[in-house]
Amino acid sequence: MNIEDKIRVAIGNKQLKLVADRRKWRKYYISIVELVWARNLWDGYEINIYTEEYGRHLGTVKV
C-alpha cells in the first residue's frame, strides 16, 4: 500500500482529521491546505507528505 492509499484509508477511518495545518503523522510530516473553488478550481483539501519537517517531498493527495 502506497502513502496516498494510507492517507485515504486514515481519512475514511477518521484517524486523520482534515484541519489546515502542518504536523507529524505517523512517521511522516504532512501539510494540509484547504482548497477553495474560487481560487483553485477544486473544493476539498490538498495534503503534502514529507519525510521530515522541511525534508523530501513524497507526494500530494487531493481529497
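Predicted model: local features only at pLDDT ≥ 70, side-chain atom pairs only at ≥ 80, totals over all residues.
Colleague: How do you know how many helices and strands the protein has?

Modeller: Helices (H or I, at least four residues) and strands (E, at least two) are DSSP runs, numbered from the N terminus. The protein has 2 helices and 4 strands, and along the sequence they follow the pattern α-β-β-α-β-β.

Colleague: What makes the radius of gyration agree with that of a compact globule?

Modeller: The radius is taken over C-alpha atoms, and the globule rule is 2.2 Å times the number of residues to the power 0.38. For 63 residues a compact globule would come near 11 Å, and the protein has 11 Å, so the two agree.

Colleague: Why is Ser31 called buried?

Modeller: Buried means under 20% relative accessible area, exposed over 50%, and partly exposed in between (1.4 Å probe, protein chains only). Ser31 has 12% relative accessibility, so it counts as buried. You will find Ser31 in strand E2 (residues 28–35). Across the protein, 29% of the 63 residues count as buried.

Colleague: And why is Lys6 called partly exposed?

Modeller: Its relative accessibility is 27%, so Lys6 counts as partly exposed. Lys6 lies in helix H1 (residues 3–12).

Colleague: Which residues does Lys6 contact, leaving aside neighbours within four places in sequence?

Modeller: Contact means heavy atoms within 4.5 Å. On that basis Lys6 is in contact with Met1, Trp25 and Tyr28, neighbours within four places in sequence being left aside.

Colleague: What makes the link between the side chains of Asn48 and His57 a polar contact?

Modeller: A polar contact is a pair of N or O atoms within 3.5 Å; within protein, one must be able to donate a hydrogen and the other to accept it, and residues adjacent in sequence count only if both atoms are side-chain atoms. The side chains of Asn48 and His57 are joined at 3.4 Å.

Colleague: Is Asn48 itself buried or exposed?

Modeller: With a relative accessible area of 12%, Asn48 is buried. Asn48 sits in strand E3 (residues 44–50), and its contacts beyond four places in sequence include Ser31 and His57.

Terms used: Residues numbered from 1 in each chain as written. Heavy atoms only, no water.
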